[in-house]
Every structure is written in C-alpha cells, then in structure tokens.
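Let us walk through this structure step by step. Keep the view open as you read.

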Amino acid sequence: MAHDDGALPSAARRHFILGTSAVGLGIAAVDALAATAPTQAAPAASHTHRVRFTLNGERREIALDTRTTLLDVLRQNLGMPGTKKGCDRGQCGACTVLVDGRRVNSCLMLAVTLEGAEVTTIEGLSKSGPHPAQVAFLERDAFQCGYCTPGQIMSCVALVDEYRKGMPSHVTPDVGARSIALTDDEIRERMSGNICRCGAYVNIVQAVRDVAGRQEA
Amino acid sequence: MRAFDYTEARSVDEALAAIGPDAKFLAGGTNLVDLMKGDVEQPMKLIGINSLKLTDIAPTASGGVRIGAMVRNSDCAAHPLIRERYPLLSQALLAGASPQLRNMASMGGNLLQRTRCYYFYDAAFDRCNKRKPGSGCAAREGFNRIHAILGASEQCVATHPSDMAVAMAALDAVVEVRGRDGERRIPMAEFHRLPGDTPQRDTTLEPGELIVAIELPAASGLAQRSQYLKVRDRASYAFALVSVACALEMDGGAVKDARLALGGVAHKPWRALDAERGLVGSKLDAAAIDRAAQACVAGAQPLQDNAFKVELAKRTVARALRTVGGVA
C-alpha cells in the first residue's frame with residue numbers, strides 16, 4: 001500500500017527490515033548463516049591470497065583462502081551480513097552487490113579477483129538515513145519475509161543507473177532506440193535476476209517505479 | 001570446492017606462460033566458479049585474466065567490428081556500434097542470463113559455457129561421458145526434455161546453452177585465439193563441435209589457447225533486418241528450449257540472402273544452411289516459410305521427452321521469418 005502522507009509503515013516491520021538490511025551489523029551476532037561458517041581445512045600457503053579493496057568507502061586488506069567468494073568474505077570475515085546467501089549458485093540474486101558501481105552476484109565472484117575494486121553493499125548504500133530505494137521498498141511494502149530484499153534493493157539502485165545510461169533490455173522493442181520508456185514490463189525484465197519466493201513482485205515493481213521516477217525528477 | 005592456487009595475469013603473454021594442464025583461465029567466473037562449487041571442474045590453479053586489456057569494441061579496416069574477449073556481455077549488448085550494426089547480437093546477449101550475470105560474464109567466456117545437462121552439471125550422477133569420458137550417458141535414458149534433437153551421438157545428447165553464440169554463428173563471426181605458438185582465427189561454424197565419440201571436448205580450442213577477440217564481418221542488410229527469438233519455460237532468466245537467430249536481406253518481395261541459426265537443439269549453435277539456400281531467390285510466402293522451417297529440423301532424432309522441440313523449432317523459425325520478413 002502506498003503512503004501518500006509520507007509516513008513510513010509500521011515500526012515493527014520498519015525496524016526489522018532496516019535492522020537486517022540497512023544497518024545489518026546490529027544483528028550480526030544472531031545471524032544463523034554467519035554463525036555457522038563451514039569448516040574447511042587450513043589452506044596451504046599457496047592457496048592463501050592477500051587482497052585489498054574498498055568496502056563501503058573503507059579500505060580493507062585481508063588474507064583469504066583462494067576459494068572464498070565475495071559473499072562469504074562479506075558475511076563471515078567482514079561482519080556485513082546484510083548481503084544474503086540464497087542459492088549460492090547465481091540463480092536467485094539475493095547476494096547482489098555493486099562492484100565498481102555495477103550489480104553482480106557476489107556468490108560467483110572469487111574474492112581474490114577484487115584487488116583494487118570498490119564494493120558497495122546494502123550497509124553502505126547511504127551514509128545518512130535510508131537510501132531512497134530503501135524508503136520506496138518500505139512505503140510500497142515490497143517484501144514479505146525480507147530475505148531477498150537487500151538484493152532486490154541493490155538491483156533496483158543499479159537498474160535506475162543502467163536505465164539512465166540508456167542501456168536496453170530483452171523487452172526493449174528496438175534495441176537501437178535512443179530513448180526507452182521504463183514500462184512495468186521493462187522493470188520486470190530488468191529485475192528478473194532477483195527471485196522473490198514470497199512473490200512480492202507486484203509491490204517491488206511499484207517501488208522500483210517510484211525510485212526511477214523520483215530520481216528523474 | 002577443491003583448493004587451488006591463484007595468479008593474476010597482467011598480459012596475454014603472462015597468461016599464456018602461466019597456463020598448464022591442471023590450470024584454467026578465470027574471467028567472469030559465472031560458469032566456472034559455479035562448476036567448481038559442484039566439483040564438476042576441479043582446477044589446481046586459476047589464472048585470473050580480468051586485468052587483460054581485451055576490452056575494446058572497435059571497427060575493423062574491412063568494415064566489421066572486433067570485440068575484445070574481456071568485454072562484458074552487458075557492455076557489448078549496450079554498445080552503440082553493436083546496437084546499430086548488429087542488433088541481432090544485442091538481442092541475443094540480452095536474452096541470456098540476468099543483468100548481474102551479464103555484468104560479470106565475458107564475451108570469450110560466454111563462448112566457453114558448458115552445457116546445463118543435469119547429468120553433466122551434478123557430479124552425483126556417475127554416468128556422463130562429457131564429465132567422465134567412457135562412463136556412459138545418463139541423459140539418453142534419463143529425463144531428457146532439454147536435450148538435443150540434432151547432431152547428437154550415442155555418447156552425448158547435451159545442448160550448448162549460449163544465446164550469444166547462436167547470433168555469432170548466424171553473423172559468421174570469427175574467433176581470434178592465441179597460444180604459445182601464435183595466433184589463429186576460427187570461424188564460428190568450426191569453433192563449437194558435435195559430440196561424436198569425444199563429448200568431453202566442447203570446442204576446437206587447443207589446450208593452452210586463449211580467446212582474445214571475436215570479429216564480426218562487415219554488417220550487410222542482413223544484420224539490420226534480424227531477430228533473435230528465444231522460447232523458454234519462463235519469460236526471463238532461463239535457458240532456451242529453442243531459439244532462432246534469423247536475418248534476411250530482401251530484394252523487393254524476394255529473399256536475397258538469409259541466415260538461420262538455432263539454439264537449444266544441438267551440441268553447438270545449429271546453422272541451417274539448407275534452409276537458408278532454399279529461401280534465397282524465392283518469395284517469402286507461406287509455402288517458402290514452411291519449407292524453411294521443415295529444413296531446419298531435417299534429420300532430427302528426438303529422445304523420449306523432447307519430441308516437442310521438433311515442432312517448437314519449426315514454429316519458432318516460422319514466426320521469426322514472418323516477423324523479420326514483415327509478412328503476416
């Protein structure tokens with residue numbers, strides 16, 4: 001439901017969703033997946049690699065088993081559990097983050113390849129209060145369980161950026177066209193890399209439309 | 001996942017010097033890392049090639065376009081030269097995977113995607129000649145709805161999963177590769193192979209060779225008048241059951257030149273040369289379209305669960321021809 005008066009939805013859900021996605025760190029201690037890191041034998045020296053990258057504006061340097069994905073580094077090594085592990089095989093989009101400003105599946109990105117990269121997660125979207133995309137998802141109630149929401153929001157942010165750069169999609173009637181209308185079909189296609197098993201798609205489309213509209217204005 | 005060493009190559013020469021029998025090049029990783037998670041691929045060493053400066057899309061002297069192997073799928077699809085001159089390629093790229101995966105996947109890597117045959121992709125299955133040569137093919141007697149109807153062998157009925165490669169085949173692209181012994185150019189028609197008795201080999205790439213670019217020949221009227229039509233189980237983010245890359249050059253009401261390539265039906269992008277020849281010089285009427293559709297599936301040998309693909313392929317070809325040819 002839209003909140004035309006600008007008021008945010010109920011405090012409980014708001015705190016829940018901001019707690020898991022926007023702030024994240026607050027619930028790191030009780031995050032089940034982060035608490036049950038898979039046990040791996042200590043890697044040989046040649047299988048350990050040092051990598052330096054920027055995470056949400058802060059420089060990080062970490063020595064890692066070469067097998068570690070960006071998703072696991074975030075959740076298990078760097079205390080950023082806002083990025084979610086859904087399928088862990090590039091099929092659901094729950095792990096979507098921005099690397100050098102572009103959305104990627106962090107579950108399929110080996111952390112050793114990140115040397116010099118800039119990574120933005122749901123925790124780093126905004127320095128002051130919720131990002132407009134987070135606000136839109138709250139206002140439109142664009143989630144049910146909320147697990148896919150951080151990935152949906154990261155995709156939404158990237159979608160608006162890609163659209164403003166004039167990038168076409170599979171449903172764009174003429175890929176050669178200079179101007180593309182951001183129809184609901186375009187939004188659905190451009191968000192299709194993020195699966196929502198609760199099926200909150202109707203409200204997600206509305207939230208994305210709000211964000212794209214507001215940023216154009 | 002098995003433990004492995006990692007080195008980042010700073011140049012093509014460095015990459016070629018570092019590659020060896022148990023090593024693999026790592027580009028976007030969207031397929032390789034996934035396969036490593038499932039223990040289907042178990043390299044001892046990865047050579048990272050994401051820093052290689054193979055990221056240009058530039059016109060060639062002969063009027064074509066050369067696409068660097070490390071250009072990301074999304075960047076190629078959105079590039080003005082590709083959108084203007086080869087919309088078929090943009091369409092095919094945009095029909096594949098998801099925006100996130102297209103941002104990661106490289107052009108070279110897309111060509112080297114492995115099949116999504118369930119029995120290949122899940123190492124829990126004992127029999128797969130592609131994964132374990134000589135072990136048999138579980139798909140032949142298994143659930144084979146997504147498998148090949150053309151060009152398969154007793155040993156393997158897998159299909160090639162790429163959309164991009166189907167458009168590349170229709171456009172007569174050439175794959176530029178480099179090895180320690182130098183460079184060679186492989187036409188798309190010869191790049192992917194049929195399974196025969198050696199289904200473990202997807203392509204004619206030799207061990208240690210690296211794809212450095214893909215070259216498209218000069219765009220003719222063909223490339224402009226084209227469509228990539230993909231049929232799948234859901235509207236987006238799914239592999240093709242059947243796809244068709246169709247391009248036509250018309251001379252009045254008659255077909256001057258035609259290209260038809262099918263995806264989802266064989267171990268490689270299936271160029272339907274007989275169907276193309278049959279169209280040239282004829283009026284694009286219902287009978288000609290029907291003949292072309294029939295020719296595309298000539299020799300089809302469906303399995304237990306995929307006979308529907310024969311009819312689906314014919315109808316997809318017919319619809320693409322009608323759309324591209326502008327006939328109702």
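Begin where the two chains meet. In this predicted model, 31 residues of chain A are in contact with 30 residues of chain B. Which elements of chain A each supply at least two residues of the side that touches chain B? They are strand 4 (102-105) and helix 6 (184-190). Strand 4 of chain A gives the most to this side, with 4 residues. Now sort the side of chain A that touches chain B by class. It has 10 nonpolar, 14 polar and 7 charged residues.

Next, look within chain A. Chain A is divided into two parts: domain 1 (26-35 + 47-124) and domain 2 (126-216). The centres of these domains, taken over C-alpha atoms, are separated by 22 Å. Their contact takes 14 residues from domain 1 of chain A and 11 residues from domain 2 of chain A. On the domain 1 side, strand 3 (96-99) and strand 4 of chain A each give two or more residues. Strand 3 of chain A has the largest share of that side, 3 residues. By class, the domain 1 side has 6 nonpolar, 5 polar and 3 charged residues.

Now find helix 5 of chain A, residues 149-164. Is this helix mostly covered or mostly exposed? It is mostly covered, as 14 of its 16 residues are buried. At 1.5 Å a residue, the 16 residues of helix 5 of chain A should span 22 Å. The end C-alpha atoms of this helix are 23 Å apart, so the two values agree. Just after helix 5 of chain A comes G166(A), which takes a positive phi of about 85 degrees.

Key: Residues numbered from 1 in each chain as written. Chains lettered and ligands numbered in written order. Predicted model: local features only at pLDDT ≥ 70, side-chain atom pairs only at ≥ 80, totals over all residues. Contact = placed C-beta atoms within 7 Å. Nonpolar A, V, L, I, M, F, W, Y, C, P; charged D, E, K, R; others polar. Expected span 1.5 Å × (residues − 1). Buried ≥ 20, exposed ≤ 12 C-beta atoms within 10 Å, placed from the backbone. Domains from an automatic or database assignment.
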